[in-house]
There are 2 protein chains.
Amino acid sequence: MPTSTRFAVAVHILTALAVGDGKPMRSDALAYSANTSPVVIRGLLSRLSDAGLTRSQLGAGGGSMLARPAKKIKLLEVYQAVEDTELFSLHRTPPCENCAVGGNILEAMNPTLMRARESLENELAKVTIADIASEVARLGKFTMPLVW
Amino acid sequence: MPTSTRFAVAVHILTALAVGDGKPMRSDALAYSANTSPVVIRGLLSRLSDAGLTRSQLGAGGGSMLARPAKKIKLLEVYQAVEDTELFSLHRTPPCENCAVGGNILEAMNPTLMRARESLENELAKVTIADIASEVARLGKFTMPLVW
DNA sequence: CAAAATGTAATTGTGTCAATTACATACTAT
DNA sequence: ATAGTATGTAATTGACACAATTACATTTTG
């Protein structure tokens with residue numbers, strides 16, 4: 001039960017904004033770095049902005065910026081901002097209601113699936129965009145802010 | 001992404017086998033309970049059998065059975081037996097290698113994604129098919145073994 | 001040997017995602 | 001003001017995974 005690629009690309013976007021010097025970045029620059037199209041980037045930025053993580057500046061010299069310090073943006077927020085689907089998909093068509101197993105299996109599994117999901121989310125809540133950005137800087141042997 | 005319903009249905013299958021009296025269950029009976037088709041069930045049983053969780057008996061009076069006591073089957077094993085895709089999908093096309101962020105983002109995110117995945121898997125490893133089966137029996141107000 | 005059941009290949013329909021095209025909208029800079 | 005720039009978003013297309021279905025070979029029971 002995979003996530004879409006949106007989460008990875010959204011983290012990429014936010015990290016790029018975080019390592020920069022705060023000047024707005026255009027969607028085509030982000031698209032180049034993430035190797036996708038500017039429209040896909042703008043679609044993600046739209047969700048991130050709805051979630052209060054970024055804001056955008058129209059017009060010449062415009063682009064997108066973090067709406068908050070990178071240290072205050074948890075990966076969990078990014079995940080929730082861009083992922084639509086439930087982590088665990090259940091039966092495509094509901095199981096037989098009158099069956100001993102079919103009628104109760106969903107309720108029986110639910111607590112376990114909840115715990116598994118929460119456990120994953122707790123890990124994503126421990127890490128911030130600032131953490132990822134400084135790791136990227138370490139691996140790439142550069143210091144922030146990076147002027148593009 | 002269209003996420004797979006295989007995990008939920010596989011747990012359903014194994015739970016149905018667990019609450020039964022040990023006699024082989026046919027794929028069409030399982031399909032009826034899970035509200036899907038016998039071919040889908042047999043496809044899942046094929047994976048579960050490869051993983052050593054079930055075995056099947058051909059011919060008249062045949063069907064599928066647990067290959068091990070339900071108490072010895074962890075949900076994690078079921079998950080790994082039937083799910084193909086990585087939990088976190090990365091960029092569809094790899095990010096720009098020469099970019100400061102693109103060249104390092106995957107490696108930078110990897111430890112966090114690993115921890116999140118392991119954390120989810122740990123939760124699934126804590127629960128067995130026997131746990132689910134007895135919860136189903138409790139909710140359905142019947143006692144095991146259930147003769148179909 | 002006939003019937004029953006699994007095992008699996010091939011086809012089809014559905015849905016999601018991402019790439020693309022196109023255009024409206026809003027803002028900046030001169 | 002206005003020309004240019006950038007975002008925002010709708011619509012279309014292609015690719016792909018999943019599951020439902022059809023069909024049939026294989027194996028085993030009775």
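**Protein–DNA contacts and chain interface in a predicted model**

A backbone N or O atom of Ser27(A) lies 2.7 Å from a phosphate oxygen of DNA strand D, a polar contact in the sense of a pair of N or O atoms within 3.5 Å; within protein, one atom must be able to donate a hydrogen and the other to accept it, and residues adjacent in sequence count only if both atoms are side-chain atoms. The model is predicted: local features need pLDDT of at least 70 and side-chain atom pairs count only at pLDDT 80 or more, whereas totals for chains, interfaces and linings use all residues. Residues are numbered from 1 along each chain as its sequence is written, chains are lettered from A and ligands numbered from 1 in the order in which they are written, and side-chain values use heavy atoms, with hydrogens and water left out.

Two further contacts to DNA strand D involve side chains. In total, 26 residues surround DNA strand D, the closest being Ser27(A), Arg42(A), Leu58(A), Thr5(B) and Thr36(B); a residue is taken as near the strand if one of its heavy atoms lies within 4 Å of it. Sugar or phosphate accounts for 73% of the atoms of DNA strand D within 4 Å of the protein, and bases for the rest.

The surface near DNA strand D comprises nine nonpolar, 13 polar and four charged residues. In this classification Ala, Val, Leu, Ile, Met, Phe, Trp, Tyr, Cys and Pro are nonpolar, Asp, Glu, Lys and Arg are charged, and the others, Gly among them, are polar. At least two residues of this surface come from each of α3 (38–50) and β1 (54–57) of chain A and α3 (38–50) of chain B, with the largest share, three residues, from α3(A). Helices (H or I, at least four residues) and strands (E, at least two) are DSSP runs numbered from the N terminus.

Between the protein chains, 56 residues of chain A are in contact (heavy atoms within 4.5 Å) with 57 residues of chain B. The two chains bury about 4800 Å² between them, 71% of it on carbon and sulfur atoms; buried area is the accessible area (1.4 Å probe) that two parts lose on being put together, summed over both. Zero salt bridges are found across this interface, a salt bridge being a side-chain nitrogen of Lys or Arg within 4 Å of a carboxyl oxygen of Asp or Glu. Nine residue pairs, both members at pLDDT 80 or more, are in polar contact across the interface. On the side of chain A that touches chain B, α1 (6–19), α2 (27–34), α4 (75–82), α5 (105–125) and α6 (129–140) each supply at least two residues. The largest share, 12 residues, comes from α5(A).

Over all chains, 16 salt bridges are found. One of them joins Glu121(A) and Arg117(A), with the closest N and O atoms 3.4 Å apart; both residues lie in helix α5 of chain A, four residues apart, about one turn of the helix. The count of disulfides (cysteine sulfur atoms within 2.5 Å) over all chains is two. Cys96(A) and Cys99(A) form a disulfide with an S to S distance of 2.4 Å, and the torsion about this S-S bond is about 85°, so the disulfide is right-handed.

The peptide bond from Met144(A) to Pro145(A) is cis, as is that joining Met144(B) and Pro145(B).
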